[in-house]
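Student: I have a model open and would like to learn how to read its features. Can we go through them one at a time?

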Amino acid sequence: MTVSRRRVRAITRKELHEYRRNAAVVLAMAILPLVFLIQPLIQVFTLPPSAATALRHEHALLYMLAVPVLVPAVLAAYAVVGERLQGTLEPVIATPISREELLLGKALAAFIPSIAVAYGVFALFVAIVEIFAQPVVASAFIRGPELLAQLLFTPPLAAWSIWVGIAVSARASDPRTAGQLALLLSLPTVAITTLVAFGVVPATLPTALVLGAVLLLLDLLGWRAASAVVDRERLVTDAT
Amino acid sequence: MAGLGAPALSVRHLSKRFGDQIAFDDVCFEVELGEVFGFLGPNGAGKTTTVRTLGTLLAPTSGSATVAGLPLTPDNSAQIRRRIAIMPESPGLYLRLSVLENLRCFADLYEIPDPAGRIEHALRAVNLAGRAQDVCGALSKGMRQRVALARALLADPQVLFLDEPTSGLDPVAAREVHALIDGLRRRGVTVFLTTHRLQEAERQCDRVAILNTTLRMIGRPGELRERLFGRTLTVRTAGSLDDPGRVFAGLPGVRGWRPEGTAGYVVEVSEPEMAAPAVTRALVAAGADVLSISRTRHSLEDVYLELIDQDEPGSPT
Ligand SMILES: Nc1ncnc2c1ncn2[C@@H]1O[C@H](COP(=O)(O)OP(=O)(O)O)[C@@H](O)[C@H]1O
Ligand SMILES: [Mg+2]
């Protein structure tokens, strides 16, 4: 089974066009990340420099890993059920497209803006802190290894959320329920990144490796599960 | 390509159930290349499910079919979808996208070479050449239907399924769609058209199948009328007959009769052409003044209503 890049790209491009013209999506993509930016910024700017050195066990940056978990979950949750309700899925699956191509196209469409938003928010945070915070505070909050972990963990976290979102979406009967359920199912992931961020789970290299391995495994299983759920017959059966 | 003379669609004992619910049952028919074939039935008759099944979106419960020259099997489904196009009941356009963006997406899904040229061609075919940049959400229902038709034409399908293409359209928009279907016929496109509108089937289609879960009848629109209702004669006499039973009984080709009005009779016959002279002679011999004797005219609508009312298919007795 060969995957046609042209078909995958067609789906991705069409989804991105649609997102861009959907005010609700644009708003959600803008607000959600800001919520996760505000809390660490308050922390940074309310912290007296003298306390900064005591901050070794908090990882404000990692806290923001919630962004690549939650943003794609919302996008992906809409991906299947939204289209099915509008009746736009039937003409698509009546073309030669394969289930994998459809799934990849949709996943990429959620992945690209999510990663862009997540990296954008991180960059914004780093920039604000570096420019406006006291140097001691800045160096307490922004540390090389953490930044690296942040960058590396973002894509697989987003991928996991996307598979969960798509699987939920394929079975849901309306987009709102799908969105809520997908967010709910992403909470365990957010809980783990938060526990690491607050130092409950030590943010060490072994932790990173173990969590990373688990995450990649989940991504693989998620892809399998999502493609099992997105079945042509089911996509058309509940429509109209 | 399907071989020369091979039917575009060949359906044998095809059935589809959803759990206990039977969508259509034991359906058999063939559609020739270049034919406009009507699939007529009331709501819930199983028309859409038939289209989806032949279009590989649903797996049949039993039976077999060939679609555009390929056996309908899971292995063939992508290949079949390359050769056909379906215009579903609701156009299903991306309303936030422009006409061009919608068509561009589908040109890519069909991997059409020279998408720009094909899109332009398809838009011209549905008289929407100037509307490529319009956002679909701003188009009227009729125009959306035409965009959906253009989308279905993009890949130059061997068989085009149109599922109730005029439902919900005003008469003007419906007439435009009818003109487009006429255009398709002239170009030799094989069209499988479902409709619950009798007149549409009668006017647009070379042959019509009447479906109500099971297939009730297939034929040219004129034949359908003949086959079910062409077999009666209506007799009018100046006064009522003394003993109509004796007049009609035993005549060749006469199966029965019933009175209609005070001096009228409907005579059931096997072959109107053969029975009419005999009936006339018998009436004259009985001393009746015959005012008229004619084959009963029924609209296709009568045929249709009669057929879909029957619980079981079968010939009238
Ligand atoms: N996905 C489905 N699940 C269960 N029943 C269905 C489904 N789709 C259609 N049906 C049933 O099958 C029958 C035929 O439906 P349909 O093919 O849509 O008819 P039509 O297009 O002629 O109006 C109806 O009774 C309908 O309720
Ligand atoms: Mg229907």
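Tutor: Start with a term that will come up throughout: contact means heavy atoms within 4.5 Å. Keep in mind also that this is a predicted model.

Student: Which elements do the buried residues of α3(B) pack against?

Tutor: The buried residues of α3(B) pack against α1 (5-20) and α6 (89-93) of chain A, and against α4 (115-125) and α5 (141-153) of chain B. Those buried residues are B:Val99, B:Asn102, B:Leu103, B:Cys105, B:Phe106, B:Ala107, B:Asp108 and B:Leu109. Because eight of the eleven residues of helix α3 (residues 99-109) of chain B are buried, the helix is largely enclosed by the rest of the structure.

Student: What describes a pair of packed helices?

Tutor: Two packed helices are described by the angle between their axes and the distance between the axes. Take helix α5 (residues 66-86) of chain A and α7(A): the angle is about 155 degrees, and the axes are 9 Å apart. Angles over 145 degrees count as roughly antiparallel. That makes α5(A) roughly antiparallel to α7(A), and their crossing is right-handed.

Student: Which residues of α5(A) and α7(A) make the contact?

Tutor: From α5(A) come A:Val67, A:Pro68, A:Val71, A:Pro72, A:Leu75, A:Ala76, A:Ala79 and A:Glu83. The α7(A) side has A:Lys106, A:Ala110, A:Pro113, A:Ser114, A:Val117, A:Ala118 and A:Phe122. By class, the residues of this contact of α5(A) with α7(A) are twelve nonpolar, one polar and two charged.

Student: At what angle do α7(A) and α11(A) pack?

Tutor: Helix α7 (residues 99-132) of chain A packs on helix α11 (residues 205-229) of chain A at about 120 degrees, with the axes 10 Å apart. The two helices α7(A) and α11(A) are therefore oblique to each other. In this pair α7(A) passes α11(A) in a right-handed crossing. The contact uses A:Arg99, A:Glu100, A:Leu103 and A:Leu104 of α7(A), with A:Trp223, A:Ala226, A:Ser227 and A:Ala228 of α11(A). These divide into five nonpolar, one polar and two charged residues.

Student: Which residues does B:Leu54 touch?

Tutor: Not counting residues up to four places away in sequence, B:Leu54 touches B:Leu9, B:Val11, B:Leu14, B:Phe29, B:Ala65, B:Val67, B:Leu72, B:Ile80, B:Ile84 and B:Phe161.

Student: B:Phe37 and B:Phe18 are my next two residues. Is each buried or partly exposed?

Tutor: Buried means under 20% relative accessible area, exposed means over 50%, and partly exposed covers the range in between. B:Phe37, in strand β3 (residues 36-40) of chain B, counts as buried because its relative accessibility is 0%. B:Phe18, in strand β1 (residues 9-18) of chain B, has 33% and so counts as partly exposed.

Student: Last, the backbone. Where should I look for positive phi values?

Tutor: Most residues other than glycine have a negative phi, and most peptide bonds are trans. B:Asp156 is not a glycine, yet has a positive phi of about 55 degrees; B:Asp156 lies in the loop between α5 and β7 (159-163) of chain B. For B:Thr213 phi is near 70 degrees, and this residue sits in the loop between β9 (207-212) and β10 (214-219) of chain B. Just after α3(B), B:Glu111 takes a positive phi of about 50 degrees.

Technical notes. Residues numbered from 1 in each chain as written. Chains lettered and ligands numbered in written order. Predicted model: local features only at pLDDT ≥ 70, side-chain atom pairs only at ≥ 80, totals over all residues. Heavy atoms only, no water. Axes fitted to C-alpha atoms, helices over the stretch in contact; angles between N-to-C directions. Helix = DSSP H or I, 4+ residues; strand = E, 2+ residues; numbered from the N terminus. Parallel < 35°, antiparallel > 145°, perpendicular 65-115°, else oblique. Left-handed = near helix turned anticlockwise from the far one by under 90°. Nonpolar A, V, L, I, M, F, W, Y, C, P; charged D, E, K, R; others polar. Buried < 20%, exposed > 50% of the residue type's maximum accessible area, 1.4 Å probe, protein only.
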